[in-house]
Amino acid sequence: MLDLSFILKETFIFTDILLPSARCLFDEPVQVTVTGLRSRQLVSIRARSIDQKNITFCSSATYKADERGEIDLGRDPSLSGSYVGVEPMGLLWSMTADAVHKKFLKTHSSIPHVVKFSVHEEGKGSRVLAETTNERLLIGDGVTRVPVRYKHIRGALFVPPGPGPFPAVLDMYTFGGGLSEKRPSLLASRGFVVLTVALYGHDDLSKDINKIHLDYFEEAVEFLRQQDKVILIKGVGVMSLSKSADLALSIASYLSGVEATVWINGCSANTAFPLYYKNTQLHPPLLFDPKKLKPVESGAFNGKHCVDDTQAEKNKATLIPIEQAKGRFLFVASEDDQNWDSKAYMNQMVDRLREHRKENFECLCYPGAGHFLEPPYGPYCKSSVHGLVRKPILWGGEARSHAAAEVHLWTKVQDFFRSTLMHKAKLNEAKL
């Protein structure tokens, strides 16, 4: 953990109050401390940030100083506000938008997440006692970003500093249009060569799609395996979430060179669009019925039970034959996912693999977590406009539990990729 109030040379002092001011990676925790208050003084500590869509996100929590006039968010409980209790990073994950149904967007690796912290007197006037800024970077020192135009694929390659070789990951955040760089740039900052690709709405790609070609991702795997700094003894990893998770299953099941697949809150069947390979349809789409969307009090809709039954006879052709996969799976399901029943889909895949006497999988379940499990310490998203439904959808989860799940999962994903993609390379090095 980064204790900013002690290791930084630059601090901002207002009436003897210190707040952290630093540049650190987005996925790093920071230690927020305040000093110079009156003994037992009540103050509110606030956080504010603006995303790339110019939406403002804010949080606030009330704290009482100790007898020395100090507050440590890693030690002291919030008494009220956006959260209560001891939550060292609560000001970050509890930030909410000043407009309804907005998801915090930071997709460009070159643009940091800038958070303004401030301390305010409680009571009339709420005078500002101190303020400072924490710049949370999406890309680490020495990581290079290379635009990619290879055959049909369009995307960006992130390469860690140093000679390598490094494990390689294909990051698939394919829906919503354009290119999302936050997760791949952070993974590269942790020692992976990462390729992220767009499916539509980027560079010279079409603005929309009505079918998907697996050949596109075959070219992506091919490109990734050609990179000089990539470990070639084993295959590559695939990282996915939501709709892209069923694409990841197809990549692992039909294509060679894939050793590790992370499936997060996806489906066990091919959804939304027909999937083709070499101009032949592999799977029709599992469809959903928009008439089954249930409105909730916030104005969003619950879509958990809108998707057709994957186990129905008419939908068997949509199921992906994951038993064909040569590599390993990490299945991750949020138990309060309201987008669809990802826990049930995970159970179906486990049953299918066991029926084929396969044990090439691990499972993680997170009670109280919602659909969008992303790198940690970003604002929790309760609802936002769905890329396919075009309406605000409830994503599920409770903010505190969801934030804890993201912290745990981020470490597990890295451990899974390292152990699966690197262990044979290490054994070979030892023999030499």
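This is a predicted model: local features need pLDDT of at least 70, side-chain atom pairs count only at pLDDT 80 or more; totals for chains, interfaces and linings use all residues.
Me: What is a nonpolar core, and how many residues has the largest one here?

Reply: A nonpolar core is a set of buried Ala, Val, Leu, Ile, Met, Phe, Trp, Tyr and Cys residues joined through side-chain atoms within 4.5 Å. Buried means under 20% relative accessible area, exposed means over 50%, and partly exposed is in between, with a 1.4 Å probe and protein chains only. In this model the largest nonpolar core has 98 residues, and L195, F217, I251, F331 and F417 have the most contacts inside it.

Me: Which residues does F417 touch?

Reply: Contact means heavy atoms within 4.5 Å. Leaving aside residues up to four places away in sequence, F417 touches V169, F192, G237, V238, M239, A260, V262 and M422. There is also a second, separate core of 31 residues, which includes Y83, M89, F117 and A403.

Me: How do helices α4 and α5 pack?

Reply: Helices (H or I, at least four residues) and strands (E, at least two) are DSSP runs, numbered from the N terminus. Axes are lines fitted to C-alpha atoms, for helices over the stretch in contact, and angles run from 0 to 180 degrees between N-to-C directions. Helix α4 covers residues 214–225 and helix α5 residues 243–254; the two pack at an angle of about 70°, with axes 10 Å apart. Angles under 35 degrees count as roughly parallel, over 145 as roughly antiparallel, 65 to 115 as roughly perpendicular and the rest as oblique. The pair α4 and α5 is therefore roughly perpendicular.

Me: Which residues of α4 and α5 make the contact?

Reply: On α4 they are L214, F217 and V221, and on α5 they are L247, S250, I251 and Y254. By type, six are nonpolar, one is polar and none is charged. Here Ala, Val, Leu, Ile, Met, Phe, Trp, Tyr, Cys and Pro count as nonpolar, Asp, Glu, Lys and Arg as charged, and the others, Gly among them, as polar.

Me: How many residues of helix α3 are buried?

Reply: Helix α3, residues 182–189, is mostly covered, with eight of its eight residues buried. Among them are K182 and R183. After α3 comes G191, whose phi is positive, near 100°.

Me: Where is there a cis peptide bond?

Reply: One joins G164 and P165, with omega about 0°. P165 sits in the loop between β13 (153–159) and β14 (168–172).

Me: Are N265 and R390 buried or exposed?

Reply: N265 counts as buried because its relative accessibility is 0%. R390 counts as exposed because its relative accessibility is 57%. Phi of N265 is positive, near 50°, and phi of R390 is positive, near 65°. N265 lies in the loop between β18 (258–264) and β19 (275–277), and R390 in the loop between β25 (383–385) and β26 (392–394).

Me: Which residues does H202 touch?

Reply: H202 touches R154, G155, G178 and L179, not counting residues up to four places away in sequence. H202 counts as partly exposed, at 22% relative accessibility.

How values were computed:
Residues are numbered from 1 along each chain as its sequence is written. Side-chain values use heavy atoms; hydrogens and water are left out.
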